[in-house]
Amino acid sequence: METVKEQLERIIEETPIILFMKGDPHQPRCGFSAKVVNILKEYQVEFSYMDILADPEVRATLPSVSEWPTFPQLFVKGELIGGCDIITEMHVSDELKEVLQT
């Protein structure tokens, strides 16, 4: 049976774009998650999500998998892109568009 860490690693590897967030894209439960969701919606890309508030084990384990302490966390093709501040900066500089299209 997979550990939570192994499960998260597999999900990150197998899911083209995944956002680990508080709440869901229709009802984000924090302003930072809402901001990242709105940015992703601007690009009209399909993305998966996982509500870290729904599973305390996921919330506790993901920072050790990603080596990133805060949420939301956006992964594209198995690679951590960043949290809200980095995603916002990349959006403003048009870097995010390139990352999402590759």
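Both faces of strand β5 (residues 73-76) are covered, with Q73 and F75 buried on one side and L74 and V76 buried on the other. Here, buried means under 20% relative accessible area, exposed means over 50%, and partly exposed lies in between, using a 1.4 Å probe and protein chains only. Strands are DSSP runs of E with at least two residues, helices are runs of H or I with at least four, and both are numbered from the N terminus. The model is predicted, so local features need pLDDT of at least 70 and side-chain atom pairs count only at pLDDT 80 or more, while totals for chains, interfaces and linings use all residues. Residues are numbered from 1 along each chain as its sequence is written, and side-chain values use heavy atoms, with hydrogens and water left out.

Strand β5 has partners in both β1 and β6. Two strands are said to pair if DSSP finds at least two bridges between them. Strand β1 (residues 17-21) runs antiparallel to β5 and is joined to β5 by four bridges, with I18 standing opposite F75. Strand β6 (residues 79-82) also pairs with β5 in the antiparallel sense, over three bridges, and E79 in β6 is the bridge partner of V76. A hairpin is formed by β5 and β6, with two residues between the strands; in the turn, K77 has a positive phi of about 50°.

F75 also takes part in the one aromatic pair of the structure, together with F20. Rings of Phe, Tyr and Trp (its six-membered ring) pair if their centres lie within 6.5 Å; planes under 30 degrees apart count as stacked, over 60 as edge-to-face and the rest as tilted. The rings of F20 and F75 are edge-to-face, at 5.7 Å centre to centre and 85° between the planes. This pair links distant parts of the chain, as F20 in strand β1 and F75 in strand β5 are 55 residues apart. Both F20 and F75 are buried.

Next come the nonpolar cores, each a set of buried Ala, Val, Leu, Ile, Met, Phe, Trp, Tyr and Cys residues joined through side-chain atoms within 4.5 Å. The largest has 17 residues, of which L19, L40, L74, I81, I87, L96 and L100 touch the most other members. Two or more residues each come from β1, α2 (31-43), β5, α4 (84-92) and α5 (95-101), and α2 gives the most, with five. Another core, apart from this one, has eleven residues, among them I11, I52, F71 and F75. Contact means heavy atoms within 4.5 Å; leaving aside residues up to four places away in sequence, I81 touches L74, F75, V76, I86, I87, M90, L96 and V99.

Helix α3 (residues 56-66) contains T61, which is buried at a relative accessible area of 16%. A polar atom of the T61 side chain lies 2.7 Å from the backbone oxygen of E57. Beyond residues up to four places away in sequence, T61 touches V4, K5 and L8.

Finally, the structure holds zero disulfides, a disulfide being a pair of cysteine sulfur atoms within 2.5 Å. C30 is in no disulfide, and the nearest cysteine sulfur, that of C84, is 7.8 Å away. This distance is too far for a bond. Both cysteines are buried, C30 with a relative accessible area of 17% and C84 with 8%.

Key:
Polar contact = N/O pair within 3.5 Å; in protein donor to acceptor, adjacent residues only side chain to side chain.
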